[in-house]
Amino acid sequence: MIWNKEIECADRETMRALQLKKLKETVKYEYDNVPYYRKKMDDAGVKPEDIESLDDIRKLPFITKEDIAANYPTGLFAKPMEEIVRIHASSGTTGKPKVAGYTRKDLEIWGECVARAMASAGQDSKSVVQVAYGYGLFTGGLGAHIGAETIGATVIPMSSGNTKKQIMFMQDMKSTALACTPSYALTIAEGVAKEGIDPADLPLKAGIFGAEPWTQGMKESIEKGLGIKAYDIYGLTEIVGPGVSISCDENEGMHVQEDYFYPEIIDPETLEPLPDGEIGELVFTTLGKEGFPMVRYRTRDLCYLMREKCGCGRTTVRMSKILGRTDDMLIIRGVNVFPSQIEEVISKFEELTINYMIYVGRENNKDTFDLEVELASGLAIDNIKFIEELRGRLDHSLRDMLGIGCKVKFLNEGTLPRSEGKAVRVKDSRNL
């Protein structure tokens, strides 16, 4: 299902012309209304009138999370507070949160983008969308909410937590779609199993999951556990929130709403643009946002772009699943390790669940690398022969993927804490 065919199926020439027009407007708007970015442009020797083509975006300086931190809370806002009608903020797990301001127009843009995402996931005005993202400063809950309302669906604003109640409402209110983090979807799926409910008996048809990286293996586990088709939605507070891109039935990447968000892929070291198909850091420029516009914002997310027309009929550029984050990368014994690599390995073992924890530390000036992972339901941890055989196969697969080994400890199912929001998978004590 396509919400806005005129845009989502536009030919490349039409889209590029629209993007160039909006890019010129955005750069001038940012220059005129955000003194901090105006100085960055002046220091780089570039003026708004220097942007004559889409390729000229490379002349513009980047905005980073450090720039946002330096201007906390509202120094990068382009509108006065009396025109800001909504505030959201990142989770702020390190330092102060990144604060975003929205005008009424910004909320309309957001609603349009998430409406496209909802339609991509098969939802319409007859749907019942159960939103189990957290509400509040986090963009997930209200972002999914505004998109579901835009398409005219019935919204159940459950927020996260209280898994039994989530399942009860799914059944009683005939929810057709669940929107939450993939890790919480997995928790709900476990709850469904514990209640003895056959996933085929649930009214759910689709899951709209985002806010954290997740692997194909985790996607398949969720789909099996809830009897649904899972869609990957992407967004971040600094750009707008969920709805920047969404996967479709083809499951071949996520369609970027590129009339509002212009994507680039750069080499995170050289900062030079990379061609389509090459993995690098994702950079976004917002096109048309008023309250908190971003020009060449470095997301730190690693992926690649695809521009071939999709089998679903959409022509918008697609981004791959997030393959990791430059600031999530662990350097262990001189080797670059991403948690998503470990999850990819784990997901291929039927004997294991996708519930795991990574522990990194230092002893005697050497890095330690430990992994705890739960066994699948019904498997016995006291079966020594089975456990050792499984440990050997897992260790071999991890070494193939990472180039180094780790100390593996198996746990009974249900041992590790469950997530109701973004899952915390890594504890690195080296910097404590």
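Q: Angles under 35 degrees count as roughly parallel, over 145 as roughly antiparallel, 65 to 115 as roughly perpendicular and the rest as oblique. Which of these terms describes α2 and α3?

A: In this predicted model, where local features need pLDDT of at least 70, side-chain atom pairs need 80 or more, and totals for chains, interfaces and linings use all residues, the axes of helix α2 (residues 12–33) and helix α3 (residues 35–44) cross at roughly 110° and come within 6 Å of each other. Therefore α2 and α3 are roughly perpendicular. The axes are lines fitted to C-alpha atoms, for helices over the stretch in contact, with angles from 0 to 180 degrees between N-to-C directions.

Q: Which residues make the contact between α2 and α3, and how do they divide by class?

A: With contact taken as heavy atoms within 4.5 Å, α2 contributes V27, E30, Y31, D32 and N33, and α3 contributes P35, Y37, R38, M41 and D42. These residues divide into five nonpolar, one polar and four charged (nonpolar are Ala, Val, Leu, Ile, Met, Phe, Trp, Tyr, Cys and Pro, charged are Asp, Glu, Lys and Arg, and polar are the others, Gly among them).

Q: How are α5 and α6 oriented to each other, and how do you know?

A: The axes of helix α5 (residues 104–120) and helix α6 (residues 139–150) cross at roughly 75° and come within 7 Å, so α5 is roughly perpendicular to α6. Residues including W110, V114 and M118 in α5 meet residues including L142, I146 and T150 in α6. By class, the contact of α5 with α6 has nine nonpolar, five polar and no charged residues.

Q: Is Y36 called buried, partly exposed or exposed, and why?

A: Buried means under 20% relative accessible area, exposed means over 50%, and partly exposed lies in between, with a 1.4 Å probe and protein chains only. Y36 has 30% relative accessibility and therefore counts as partly exposed. This residue sits in helix α3, and, leaving aside its neighbours within four places in sequence, Y36 is in contact with D67, N71 and L76. The C-alpha atoms of Y36 and A70 are separated by 10.0 Å, although the two residues are 34 apart along the chain.

Q: What sets A211, L271 and the bond between Y72 and P73 apart for a student of backbone geometry?

A: Most residues other than glycine have a negative phi, and most peptide bonds are trans. A211, however, is not a glycine and has a positive phi of about 80°, and L271, also a residue other than glycine, has phi near 70°. Between Y72 and P73 the peptide bond is cis, with omega about 0°. P73 lies in the loop between α4 (65–70) and β1 (86–89), A211 in the loop between β6 (206–209) and α9 (216–226), and L271 in the loop between β10 (261–266) and β11 (280–286). A211, with a relative accessible area of 32%, is partly exposed, and L271, at 30%, also counts as partly exposed.

Q: How does the radius of gyration of the protein chain agree with that of a compact globule?

A: The globule rule is 2.2 Å times the number of residues to the power 0.38, and the radius is taken over C-alpha atoms. For 432 residues a compact globule would have a radius near 22 Å, and the protein chain has 22 Å, so the values agree. Buried residues make up 55% of the chain, and its C-alpha trace spans about 70 × 55 × 40 Å along its principal axes.

Conventions: Residues are numbered from 1 along each chain as its sequence is written. Side-chain values use heavy atoms; hydrogens and water are left out. Helices (H or I, at least four residues) and strands (E, at least two) are DSSP runs, numbered from the N terminus.
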